[in-house]
Amino acid sequence: MTRRNAVFDAGLAVLAFTVSLGVLASDGFGTPDAAVRHLDGLGVALAGATALPLAARRFAPLTVCLVTIAASAVMYRLGYPLDTPVGPAIAIYSAGAAYGGDPRLARRRLALLPALAFAPVLGLAYAARGADVVSILVPELLSVALVAGVLWLAGDHTRLRRERMAELERRARQAEREAERERRLAVAEERTRIARELHDSAGHAINVILVQAGAARLLHERDPDRSQRAIATIEEVARGTIGEIDRLVRALRDDEPVPAAATGPVALEELVERHRAGGLAIAATIPAPGRALPHGVAWAAYRILQEALTNAARHGRGTADVAVQFTPDAVDIRVTNPTTAPAPPASPGGHGIVGMRERATLLGGTLVAAAVAGEFRLHARLPIPG
C-alpha cells in the first residue's frame, strides 16, 4: 500500500459518494417516481456507507464489499432511488482483484459469494418493500447479476495482468543481476589473464637479464665487446619489459581492455634477434603467413617461442634451432636446442612448460616438450579458427 494508492482510493471513494448523492438528489434516472423516498440525512449517511468504505478497499476488500452491499440493500428497502450502485460495483471489482487467484479455495469462494448474492439481496430488499419481484426479476435483477459477474472477472483479469507485470519485472531484474554477475566474472577472468601476462613477461625478462648479466660479468675482462653487447641487451629487455608492465598495469588500474601487443612474424623475428643479441646462436626459419592470424593465436605463438628461447638460454649450450610453419589451419612451432639438463623446470606459476602447454590447450592445440638424446625438443601446434 503506497501513499499514491491511498490517495487514489480516497479520491475514488469521494467520487463514488458524490455520484451516489447526485443520483439520490435527482430521485433517480428517468421520470421521478412519487413513491420513492427523497434524499434526507439518513439517505446521506447510507450513501456514505455505500461509497466511503472504498478508501479501505486494499486493506479489507471483502469487508468493504459486504458493507457496501448491505448499505445498498438497506437503501433499496427504504425506497431510496439508488439506480446506480457505484460503491458496490467498485467493491466487487476490488474483491475479484484481491481474491480471484487466492490459492485457498474456501477463501476464494467466500470472496465470490457477495458478487453472486448481490442480485438476490436486492431482490429481497424489493420484496420487503412490497414491490413486485417477478415483474422486475428479468429486466433488472438478472442484469445486476450479470454486471456483478463481469466486474468480478474484470478484477480477476486485472490481478492476472498485475502478477504478469510483476513477474516480468522480476525476470528483468534477475536478468540484469545475471548480466552484472557475468560482467564481473568476465572482468575477473580478464584481470587474471592480465596478471598471468604480467607474470610471464616479467619472468621472461628477469631470466634474460640474469643470463646476460652473468655473461657480462664473465666476459668483462676477456671479451669487452661481447660484455657490452650483453649489457645493451639487458638495457633493451628492461626497457621493453617496463613498457609491457606499464601497458598491463594501466589496464588493471583503469579497468579497460588490454591494448593489443605486437604479434605476428615480425614480432617473432624481433624476438629471435633479441636473443641473438644476447649471445644465443639461433638458426631460425620464420616465413610470412598466408593470411592475418587471430590475435589470440599470434599472441600464444609469441609467448611460447619466447619461453622456449628463454629456456634454451638458461638450460642449453648456447644454440637453438627454430622452425615456424604457417598452414591454412594451424601454426606449427618447433624449437630444438642441445642441453645438459633433463628438461627445463615446469613451474606451476604460469610459466615454463606448464604455462606453454596451457596456452596451447586453451586454443585447442597441443604442445609436446621432452629431452631426447641430449637435446630438448619442443613442438607446439596452434589451430587457426575457421
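These questions and answers walk through a predicted model of one protein chain.

Residues are numbered from 1 along each chain as its sequence is written. In this predicted model, local features need pLDDT of at least 70, side-chain atom pairs count only at pLDDT 80 or more, totals for chains, interfaces and linings use all residues, and side-chain values use heavy atoms, with hydrogens and water left out.

Me: What is the mean pLDDT of the protein chain?
Reply: pLDDT is the predictor's confidence in each residue, from 0 to 100. In this chain, 83% of the residues reach 70 or more. The mean is 80.

Me: How many helices and strands are in the protein chain?
Reply: Both are DSSP runs, numbered from the N terminus: helices are H or I with at least four residues, strands are E with at least two. The chain has 10 helices and five strands.

Me: Is W152 buried or exposed?
Reply: W152 sits in helix 6 (residues 133-219). Buried means under 20% relative accessible area, exposed over 50%, and partly exposed in between, with a 1.4 Å probe and protein chains only. W152 has a relative accessible area of 8%, so the answer is buried.

Me: How far apart are the C-alpha atoms of W152 and Y99?
Reply: W152 touches Y99, and its other contacts include I92, G96, R108 and L112. Along the chain, W152 and Y99 are 53 residues apart. Their C-alpha atoms are separated by 9.7 Å.

Me: What is the order of the strands in the open sheet?
Reply: The sheet has five strands with mixed pairing. Two strands pair if DSSP finds at least two bridges between them. Strand 1 (281-285) and strand 4 each have a single partner strand, so they stand at the edges. The order is 1-2-3-5-4.

Me: How many bridges join strand 3 to strand 5?
Reply: Strand 3 covers residues 330-338 and runs antiparallel to strand 5. D332 stands opposite R381, and I333 stands opposite A380. The number of bridges is nine.

Me: Which residue takes a positive phi in the hairpin of strand 4 and strand 5?
Reply: Seven bridges join strand 4 (residues 366-372) to strand 5 (residues 375-383), and the two run antiparallel. V372 has E375 as its bridge partner. Two residues lie between the strands. The one with a positive phi, near 50°, is A373.

Me: Which residues form the covered face of strand 5?
Reply: In a regular strand the side chains alternate between the two faces of the sheet. In strand 5, the uncovered face has E375, R377, H379, R381 and P383. The covered face has F376, L378, A380 and L382.

Me: What angle does helix 8 make with strand 1?
Reply: Helix 8 (residues 265-277) reaches 18 Å from its first C-alpha to its last. It lies across strand 1 and strand 2 (319-327). Axes are lines fitted to C-alpha atoms, for helices over the stretch in contact, and angles run from 0 to 180 degrees between N-to-C directions. The angle with strand 1 is about 165°.

Me: Why is the pair of W299 and Y302 stacked?
Reply: Rings of Phe, Tyr and Trp (its six-membered ring) pair if their centres lie within 6.5 Å; planes under 30 degrees apart count as stacked, over 60 as edge-to-face and the rest as tilted. The count by this rule is one aromatic pair. Its ring centres are 5.8 Å apart, and the pair is stacked because the planes are at 10°.

Me: Which helix holds both W299 and Y302?
Reply: Both residues are buried. W299 and Y302 are three residues apart, about one turn of the helix. The helix covers residues 295-315 and is helix 9.

How values were computed
Expected span 1.5 Å × (residues − 1). Contact = heavy atoms within 4.5 Å. Lists of a residue's contacts leave out its neighbours within four places in sequence.
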